[in-house]
Amino acid sequence: MSRHLFLSIAVCASLTACVYHIESAIPASGRQFNQRLLGTWITSNRDTAVVTARGDGYRITYADHDGSRTELVGVTGTVGTRSVLEVWPHFGDDEEDGWPMGRMLFALTESGDTMTTASVDVDSLQAALRAGELRTPYLRRKDDLIVTGTTSEVSAAFGAALARPGMLETPESWRRVGRR
């Protein structure tokens, strides 16, 4: 297993359970840089994210309330009808060397100095995939769901999923405490 994929899995494993994917869920035509996301953000339980510009996307330094830090990169755009943030671990300048990256997708709502992020619920997505209501290749690994389709398959499945009630985890609210 590649170092990149292993570390992506390790980041995801630090969460309770998550859905992640290998190919981008945001087609190139759906990517949109959002200048308003730049800055320092904080949650009610004191998790922080410092978001800076990086090419046509973002570099995100995330620290949980216990002080554990994770470096991420990400892009924003539209999947289906929803604004989304797609993130993956940042391993340095050689991360585009062709190894697969585990990515996570968050529904994003932003207004002024507040935003919410919500990840896709593992069990709800798997139930829809098993029932044939959504179609894309996937694997289940312990508590995690790994969506393995192409960008067009992943984008179509997530687009349909994000439009369904009950498909998202409880949103996390963020408040901007500094601008970049």
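Student: Leaving aside its neighbours within four places in sequence, which residues is Ile-146 in contact with?

Tutor: Keep in mind that this is a predicted model. Beyond those sequence neighbours, Ile-146 is in contact with Tyr-20, Ile-22, Pro-137, Tyr-138, Leu-139 and Arg-141. The residue itself lies in strand β10.

Student: Why is Ile-146 called buried?

Tutor: Its relative accessible area is 9%, and buried means under 20%, so Ile-146 is buried.

Student: What makes a set of residues a nonpolar core here, and which ones have the most contacts inside the largest?

Tutor: The members have to be buried residues of the nonpolar kinds, joined through side-chain atoms within 4.5 Å. The largest such set has 25 residues, and Val-19, Val-120, Leu-125, Leu-134, Phe-158, Leu-162 and Met-167 have the most contacts inside it. Two or more residues each come from β5, β6, β7, α2, β10 and α3. There's also a second, separate core of 18 residues, with Trp-41, Ala-49, Val-51 and Met-104 among them.

Student: What is Val-120 in contact with, its close sequence neighbours aside?

Tutor: Val-19, Leu-105, Leu-125, Phe-158, Leu-162, Met-167, Leu-168 and Glu-169.

Student: How do you know that β2 and β11 pair?

Tutor: Pairing needs at least two bridges, and these strands have three, in the antiparallel sense, so they count as a pair. Within β11, Arg-176 is the bridge partner of Trp-41.

Student: Which strands close into the barrel, and in what order?

Tutor: Eight of them, running β2-β3-β4-β5-β6-β7-β8-β11 with antiparallel pairing. From one strand to the next, the twist averages 35°. Helix α3 packs on that sheet, touching β5, β6 and β7, and its direction makes about 80° with that of β5.

Student: How does the reach of α3 compare with what's expected?

Tutor: From first C-alpha to last, its twelve residues reach 16 Å, close to the 16 Å expected at 1.5 Å a residue.

Student: Which residues of α3 are buried, and what do they pack against?

Tutor: The buried ones are Val-154, Ser-155, Ala-157, Phe-158, Gly-159, Ala-161 and Leu-162. They pack against β1, β5, β6, β7, α2 and β10.

How values were computed
Residues are numbered from 1 along each chain as its sequence is written. This is a predicted model: local features need pLDDT of at least 70, side-chain atom pairs count only at pLDDT 80 or more; totals for chains, interfaces and linings use all residues. Side-chain values use heavy atoms; hydrogens and water are left out. Buried means under 20% relative accessible area, exposed over 50%, partly exposed in between (1.4 Å probe, protein chains only). Helices (H or I, at least four residues) and strands (E, at least two) are DSSP runs, numbered from the N terminus. Contact means heavy atoms within 4.5 Å. Axes are lines fitted to C-alpha atoms, for helices over the stretch in contact, and angles run from 0 to 180 degrees between N-to-C directions. The expected span of a helix is 1.5 Å times one less than its number of residues.
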